[in-house]
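The following exercises concern a protein model, shown below. Each task is followed by a solution in steps.

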Amino acid sequence: MAAIEVTGLTKSYGSTHAVRGIDLTIAMGEIFALLGPNGAGKTTTVEILEGFRAPDSGDVRVLGFDPRGGGHAARQWRNRIGIVLQATSDSGDLTVSESIKHFSGYYSNPRGVDEVINAVGLDEKAGCLIRELSGGQRRRLDVGLGIIGNPELLFLDEPTTGFDPQARRSFWSLIKSFRNDGTTILLTTHYLDEAEALADRVGVINHGQMLEISTPFELGGRSSAQAVISWRDGDVIKTQATYNPTSFIGTLTSQFNGEIPELTVIRPSLEDIYLKMIGEAHE
Amino acid sequence: MNKIPTAVSLGLRRGGLEIRQFVRQRESVVFTLLFPVILLLIFGSIFKDTIAPGVTFSQYFVAGMIASGLVNTGFQALAITIPLERDFGALKRLRGTPMPASSYFIGKAILVSVSTLIQILMLLGFGVIFFGVEMPSDPTKWLTFTWLVLLGSTSSTALGIAFSIVPKSGRGASAVVSPIVIILQFFSGVFLVFTQLPTWMQQLAAIFPLKWLTQGIRSVFLPDSFATQEVARSWENEKTFVILLLWLAIGIYFSVRKFKWERD
């Protein structure tokens, strides 16, 4: 069974068509990143999957359950998922460990409180009031509260916004450790390097439609796109775009009879590809 | 696989958490619990006239403030703090967990009960020490007091949760809620003797629960002879019971059906 199955999803707010027919299947244990500019329909899509909004039409199955359902079945379903929303800011009158311990009581098989505090790197802050935490530390707490229930499926909405580069790196290794536990993760992010570092597959949404779903390395024909080779020839840096970088370098090698000065081979980054896709969709 | 915890056990946990958070917010402790006591001391010291044989305005006012206390700690406190929690995103986060709405409501009810109880003890204590309020010796009066507090506090809680959908933002909630409470206090015979108010004011107040609560509390702490001074020449406790029950039903209906977990 797929973790998430969506067909023909639509949602409008008044005359604004936020989501216009999205199909999406995410396998169990997969890390999937949803990319797209602000207002593209990412958040609406994710909030429908999380059960916060009802779709206008389309079929949605999350862990085999319709998120619009209610009653005890809905509680059982929520028991199996974890949600890290965009920027929440609690009043902050509890300590980190009080807060995580309290939330652990909501679930049938929670992770250990200390284990989670350690996983999100808040050991030294465990006894601090939430209001005393920095922005990045609060975000880690958000993640801690999202994973305390030991979810099979985890939603992460722009989890590293406001992190410094070092904190983002350590956050990424945390997410990778969940992959090893078999957790399915749906991630939305503005950071293309984040998607590339974490995701098995990425989907690009714009104007409420899914433009493409692919691996980060194949998106937009990236793997077969032209590479740009640059090298020094006397006083000038020369560049050449080519579909066949290996044979081109072979030619250069014989030309220089050995080492090519200052050789670089650059393939288009995920960001280049993404911006091209979003740009094309605008026209 | 363990079972997910029951709604009631989670409600009790929420109650403990709500109380812990409440006592850590010193401003709200002072505002909610101490403010009525300060009002009592001020009004009680200024207006000492005798309004009926053996009854001073101070005693009348203590009864009114106890009834107001039920409205302050329940309706007013919840209708102001819940929109704040909604703005913070705390409610949306809770919505995403297996915790059911009923547990959240139970937690609020526990918080209100505890703060109401503290408030009543403080008001009664000051009333007895400074303003000549006498503790009734008749056990049926205590029985009346018990159901008044229970019913008053639960309807106040339910109505506070229900009314939390009205303020558009947490910032503006106090500006919407507080005037309603203060006007109701003037109309319902808290700051002024009810029978001295204009008739239209009395009739308007009779729609809302505070008027009935104050009248009920007076039936407990004022001498029975004072009943003849009330609008209907009696305490009308049966009527009070029915009207509070109706408001409780209205509060529960809107809390369950219309509660908002997110900002629009």
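**Exercise 1: The sheet of chain A**

Lys11(A) lies across from Val19(A), a residue of strand 2 of chain A. The model is predicted: local features need pLDDT of at least 70, side-chain atom pairs count only at pLDDT 80 or more, and totals for chains, interfaces and linings use all residues. Residues are numbered from 1 along each chain as its sequence is written, chains are lettered from A and ligands numbered from 1 in the order in which they are written, and side-chain values use heavy atoms, with hydrogens and water left out.

Task: State in which order the three strands of the open sheet lie, and which strands stand at the edges.

Solution.

1. Helices (H or I, at least four residues) and strands (E, at least two) are DSSP runs, numbered from the N terminus. Two strands pair if DSSP finds at least two bridges between them.
2. Strand 1 (residues 4–13) of chain A pairs with strand 2 of chain A in the antiparallel sense, over eight bridges. Within this pairing, Ile4(A) stands opposite Ile26(A). The hairpin of these strands has two residues between them, and Gly14(A) adopts a positive phi near 60 degrees there.
3. Strand 1 of chain A is also joined to strand 4 of chain A, antiparallel, by five bridges; Thr10(A) stands opposite Ser57(A) here.
4. The order is therefore 2-1-4, with antiparallel pairing. Strand 2 (16–26) and strand 4 (57–62) of chain A are at the edges: each has a single partner strand, so one side of each lacks a neighbour in the sheet.
5. From one strand to the next the twist averages 25 degrees.

**Exercise 2: The interface of chain A and chain B**

Task: Describe the contact between chain A and chain B, stating how many residues each chain gives.

Solution.

1. With contact meaning heavy atoms within 4.5 Å, chain A gives 29 residues and chain B gives 28 residues.
2. About 2,800 Å² is buried between the chains, 54% of it on carbon and sulfur atoms. Buried area is the accessible area (1.4 Å probe) that two parts lose on being put together, summed over both.
3. The rule finds five salt bridges across the interface (a side-chain nitrogen of Lys or Arg within 4 Å of a carboxyl oxygen of Asp or Glu). Glu98(A) and Arg24(B) form a salt bridge at 2.7 Å, N to O.
4. On the side of chain A that touches chain B, the elements giving two or more residues are helix 2 (71–78), helix 3 (96–104) and helix 5 (135–147) of chain A.

How values were computed. Axes fitted to C-alpha atoms, helices over the stretch in contact; angles between N-to-C directions.
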